[in-house]
Amino acid sequence: MKNYKPKNRLSPKAYIDGILSGDRVILSRAITIIESNLESDKLLAKEIVQEILPSSGKSIRIGITGVPGVGKSTFIEAFGLYLVKEGHKVAILSIDPSSQRSKGSILGDKTRMEELANLQNAYIRPSASGDTLGGVANKTGETMLLCEAAGYDVILIETVGVGQSETAVHGMTDFFLLLMLAGAGDELQGIKKGIMEMADMLVINKADGDNITQSKIAKRQYQNALHIFPLSESGWSPVVSTASSVKNIGISNVWKEILKYKAHVDANGYFLKNRNHQQIKWMYNNINEELKRLFYNSKDIKSELSILEKEVIAAEISPVKAAQQIIDKFKKSF
């Protein structure tokens, strides 16, 4: 079958030059190529990423997650507006939940962050999470590099929500921010210990009006809870703060703490060490994804799997033996 190539694709140089000059239209078109599953686009994407690589990596990457109803989009808009006013260029990579049935995605964050979306120095890119672990879109890492090369010095990655695989976001960012609510019964209920341990900062959002007292109580509870966790490899002690995105209270303090963290990890060498570790992990993730793709796209494997599925259901072969059989067949093809 002839490889389909879309007619509206530019030359690699046109994309690269456009990204490096900060052209948002070209940046968006390049990200579309990054996210594409077409073989011709995959080759083009690799060339673009390779060429812009020396101009990337100069941002601070912040992962933001939180419990349902915490107001992530409202917080991110308030935070993004503050950063732009402080002279930063901000890119928000918002990962929307994808339907496991239709593979469709809400992609509504641009409408939820309308004021921020209209600013020249802010760029919002919603993308569907698909089947990717942790709600992180499969190509979020490459998208992040493109945004950095386009001059965005603060990258905010908003995740689907709190779940076991938030480690995927933690594994590609420099700072992990966890948004929480006060007044929802047991303050520590519904939040996994592993996510608490990953957080560099906890922010009790919606701390305004009648909720101020409860937010202060929640802040103390979280501070006490964090004391029982061992110190992270970065040597940073996580901080707890309160904020109101609607009233614009406590937003500047969040950035102040992030800058303190950055100074701390720069001084002790952890920032560079962590980035290097992430790069290596990213390489292995790509190897694993490509091996998986090769395996399941093989016609022989597809045919054999169809037979084995029926044999497993009929209890003619154990799932363990069936798995080994198909792996052995795959190994013989090389």
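The points below concern a predicted model and go through a few of its local features in turn.

1. Surface patch. Ile-280, Met-283, Tyr-284, Ile-287, Leu-291, Leu-294 and Phe-334 together make a nonpolar surface patch of about 720 Å². One of these residues, Ile-287, belongs to helix α12, which covers residues 270-297. Ile-287 has a relative accessible area of 37%, and is therefore classed as partly exposed, a value that also passes the requirement of over 30% for patch members.

2. Helix α7. The helix formed by residues 140-149 is mostly covered, with ten of its ten residues buried. Just after α7, the backbone at Gly-151 adopts a positive phi of about 100 degrees.

3. Asn-211 sits in the loop that links β6 (201-204) to α10 (212-226). Because its relative accessible area is 16%, Asn-211 counts as buried, the cut-off for that class being under 20%. Leaving aside residues up to four places away in sequence, Asn-211 touches Ala-182 and Lys-206.

4. The segment before α1. Ser-11 is found in the segment that precedes α1 (12-20), and with a relative accessible area of 37% Ser-11 is partly exposed. Ser-11 and Ile-48 are separated by 37 residues in sequence, while their C-alpha atoms lie 9.9 Å apart in space.

Terms used
Residues are numbered from 1 along each chain as its sequence is written. This is a predicted model: local features need pLDDT of at least 70, side-chain atom pairs count only at pLDDT 80 or more; totals for chains, interfaces and linings use all residues. Side-chain values use heavy atoms; hydrogens and water are left out. Patches are made of residues with over 30% relative accessible area and no salt bridge: like charges are joined within 9 Å, nonpolar side chains (Val, Leu, Ile, Met, Phe, Trp, Tyr) within 5 Å. Accessible areas come from the Shrake-Rupley method with a 1.4 Å probe; for residues, only the protein chains shown count as cover. A salt bridge is a side-chain nitrogen of Lys or Arg within 4 Å of a carboxyl oxygen of Asp or Glu. Helices (H or I, at least four residues) and strands (E, at least two) are DSSP runs, numbered from the N terminus. Buried means under 20% relative accessible area, exposed over 50%, partly exposed in between (1.4 Å probe, protein chains only). Contact means heavy atoms within 4.5 Å.
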